[in-house]
Amino acid sequence: MNPALARHLQTLGLERAPFPPTPDAAAWFQTARLEAERVEAAHCLRTRAGFVLLTGEIGTGKSTFLRRLLFSLDGEGVVTSMVFNTFLQGPDLLAAVLRDFGLEARGTPAADIDTLNRFLVQQWRAQVTCVLMIDDAQNLTLESLELLRLLTNLETGQEKLLQIVLAGQPELRDNLEQPGIRQLTSRICKHVQLDVLAADEVQRYVHHRLDAAGNPSPGIRLRADAAQALHRASGGNPRRIHQIMDRCLYGLYAQPADQRVIDAALVHTAAAEAGARPLRRRRRILWKKAPLALAASIAGGLVLFALVAALAVRSDASYADDHALPVPAAPAAAAGQTPGQRWDVCLQGLGTTAPQVQAVSETWLARLPSREGLCLRRLPEGWQAGWQARLRVENFLAAADGQAEVLAVQALLRDAGLYDGALDGRYGPRMRAAIGRFQQHNGLPPSGAPDPATLLLFDTLLAARAAASPPSPETHLHGNG
């Protein structure tokens, strides 16, 4: 570490830079939506479905998302070529791809494609998945995009030999809509769109970054009014937030270690020094949905969150009120704290791992056997809950049979009459159908997907079932009507 940076961090009581200017996947700020996008993108690559597209404005975390996606595939029989210099075009781009796979370029596109094809077939026979990730892909010319289309033609007859992730700024979508490469666009099976942080996420994001950097207690904290000022000055753009917050840290030098609180005045000063102006958001261009038709036809159901024909169960009116907790009143503010500050304190108390945060309904709240370890707040549009997840989406999207977590949920749903398939520990069509019906009866969108709120409900029901001796599973799921 740079000696000057080390002294700077030591003065602030930090172990690493909390707001670096470069992508930092080690301190991943996880939201329910972002995590679901990452998990689905990884699943598309594992199952060799085709193209994954990632778009977002400058500074919204595309490179960080790519690195996090790469980490999630580590150790799963995946080899990756990452291309960050997209000023290389055509044959030079192809040569760069070969070099990153450890291959020697032979000097002509035809020869290089032949070399790549031989390598991909060899890896496919060894059950290794090859992934090409290209960042700043908005710089690719039509010639280079056509080259990528040719690479997607490398296949065994049943599977694509090369999976490709294209990441770039929003104009990449415009480039892909050119008639000359519509065959390439039709092969996109997943489109991840990154956006700026919402106003209520900025304070949580800053505290997450500080805590990941070893912030001591009570340490450095961002006041609620300062978080609002930071959101206005940065437009919610993470890169702009880093620029402003880095300047704010210097403004804390004169304060005692136990009084390092960032207020709105310091944010305004830091923003002026950093020259930060919110990026003007582009007019959103509606993304054509044609690629979804391709994804829907791929064996294995790659559109993971589509509804499947649901199993018949009795009416939700029979849910036993004996096990329903009353819907809580809005959390009262502690002395000297606003409701927003109380919410942040509650989330921080859940642990060092980033909590799951999701909008939930009153029906969902009433279904919980216990609210221990749950943070709640009422927003104008409804309830928001935060918790530390135990069951995770990855448990359901793993390729192997016999996943213990999925087996437990299958048994729970089967005993309640919601699932009639084999207990194989696999998240397949019957399992999605059962989860969709379960969600419908518990105040959640009936997507059939194992979203965080659904997994928390499963987790609490399984814990309650284990703690009993055991009670009837139907009592917990939909009552005895």
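Start by selecting N237, which caps the N-terminal end of α11: one of its side-chain oxygens is 3.0 Å from the backbone nitrogen of R239. This is a polar contact, a pair of N or O atoms within 3.5 Å; within protein, one must be able to donate a hydrogen and the other to accept it, and residues adjacent in sequence count only if both atoms are side-chain atoms. The model is predicted, so local features need pLDDT of at least 70 and side-chain atom pairs count only at pLDDT 80 or more, while totals for chains, interfaces and linings use all residues. Residues are numbered from 1 along each chain as its sequence is written, and side-chain values use heavy atoms, with hydrogens and water left out.

**Helix α11**

Next select residues 238-250, which make up helix α11. Helices (H or I, at least four residues) and strands (E, at least two) are DSSP runs, numbered from the N terminus. The end C-alpha atoms of α11 are 19 Å apart, which agrees with the 18 Å that its 13 residues should span at 1.5 Å a residue; the expected span is 1.5 Å times one less than the number of residues.

Now colour the buried residues of α11: P238, R240, I241, H242, I244, M245, C248 and L249. Buried means under 20% relative accessible area, exposed over 50%, and partly exposed in between (1.4 Å probe, protein chains only). C248 has a relative accessible area of 0%. The buried residues of α11 pack against several elements, including α1 (3-12), α9 (199-212) and α12 (264-274).

**The disulfide**

Move to C346 and C375, whose sulfur atoms are 2.0 Å apart and form a disulfide, that is, a pair of cysteine sulfur atoms within 2.5 Å. C346 belongs to helix α14 (residues 339-348) and C375 to strand β9 (residues 374-379), so the pair ties together parts 29 residues apart in sequence. The torsion about the S-S bond of C346 and C375 is about -95°, so the disulfide is left-handed. C346 is partly exposed at 31% relative accessibility, whereas C375 is buried at 1%.

Then select C189, which is in no disulfide; the nearest cysteine sulfur, that of C44, is 3.7 Å away. C189 is buried, with a relative accessible area of 8%.

**The whole protein**

Finally, zoom out. The protein has 20 helices and 10 strands, and 50% of its 481 residues count as buried.

Key: Contact = heavy atoms within 4.5 Å.
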